[in-house]
Amino acid sequence: MVRSRRQNARSPGPGSGAGPSNIDQARAAYAAWSARDLDAFVEVFSEDVEVKPVLGRGLGASEYRGHGGLRRWFEEANEAWEELRVEPHEFREAGNRLAVFLRAIGRGQGSHVEVEAELVHVAEFRDGKVTRLEGFGDREQALKALDAGA
């Protein structure tokens with residue numbers, strides 16, 4: 001079963017006995033990315049994480065593994081940008097998987113031109129940490145990937 005939540009979705013409140021929800025963890029990761037807080041960003045991911053972003057360095061497909069790979073992805077993705085923010089605006093859950101619909105807003109180094117793109121990340125969670133993250137430029141492909149793992 002796939003559940004959809006908009007940005008204002010709430011997790012269980014204090015005293016519910018539950019740890020941070022997958023949505024809370026995703027929000028924390030994207031907030032850390034936008035604040036360029038690499039340590040807080042990495043904290044949300046398992047040590048054996050696998051990341052396949054929409055586009056890698058030089059527009060080639062790349063895969064990153066572990067916290068070291070995650071740090072490399074962060075650095076490479078940010079190097080051409082004076083500022084790069086990611087704003088999640090919709091979440092869909094299916095079991096231990098979560099699709100996060102994002103708006104990426106960047107301002108180029110030197111040019112100061114602002115660009116915006118819509119993308120989707122599908123994340124798998126284990127014990128409250130992201131173990132796999134795959135990026136999609138197409139909403140329907142992301143939803144198929146979400147459903148395939150459910």
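Student: Which residues of H3 are buried?

Tutor: This is a predicted model, so treat what follows as computed. In H3, the buried residues are Gly66, Gly69, Leu70, Trp73, Phe74, Glu76 and Asn78.

Student: How do I read the span of H3, and what should its 13 residues cover?

Tutor: The expected span of a helix is 1.5 Å times one less than its number of residues. For H3, residues 66-78, that gives 18 Å. The end C-alpha atoms of H3 are 18 Å apart, so the two values agree.

Student: What is the reach of H1 from its first C-alpha to its last?

Tutor: H1 reaches 18 Å with 13 residues. That is close to the 18 Å expected at 1.5 Å a residue.

Student: Which residues of H1 are buried?

Tutor: They are Asn22, Ile23, Gln25, Ala26, Arg27, Ala29, Tyr30, Ala32 and Trp33.

Student: Take Asn22 in H1. Why does Asn22 count as buried?

Tutor: Buried means under 20% relative accessible area. Asn22 has 17% relative accessibility, so Asn22 counts as buried.

Student: Which residues does Asn22 touch, beyond those up to four places away in sequence?

Tutor: Asn22 touches Glu93, Asn96, Leu98 and Phe125.

Student: Now the strands. In which sense do E2 and E7 pair?

Tutor: Read the direction and the bridges together. E2, residues 45-52, and E7, residues 129-136, pair in the parallel sense. There are 4 bridges between them. E2 also joins E3, residues 64-65, through 2 bridges. E2 and E3 run antiparallel.

Student: Where is Val86 placed, and is Val86 buried or exposed?

Tutor: Val86 lies in strand E4, residues 81-94. Its relative accessible area is 12%, so Val86 is buried.

Student: How far apart are Val86 and Ala104, in sequence and in space?

Tutor: Compare the two kinds of distance. Val86 and Ala104 are 18 residues apart in sequence. In space, their C-alpha atoms are 4.4 Å apart.

Student: Which residues is Val86 in contact with, leaving aside neighbours within four places in sequence?

Tutor: Val86 is in contact with Tyr30, Trp33, Ser34, Arg103 and Ala104. Two of these names came up earlier. Tyr30 and Trp33 are among the buried residues of H1.

Definitions and conventions:
Residues are numbered from 1 along each chain as its sequence is written. This is a predicted model: local features need pLDDT of at least 70, side-chain atom pairs count only at pLDDT 80 or more; totals for chains, interfaces and linings use all residues. Side-chain values use heavy atoms; hydrogens and water are left out. Two strands pair if DSSP finds at least two bridges between them. Buried means under 20% relative accessible area, exposed over 50%, partly exposed in between (1.4 Å probe, protein chains only). Contact means heavy atoms within 4.5 Å.
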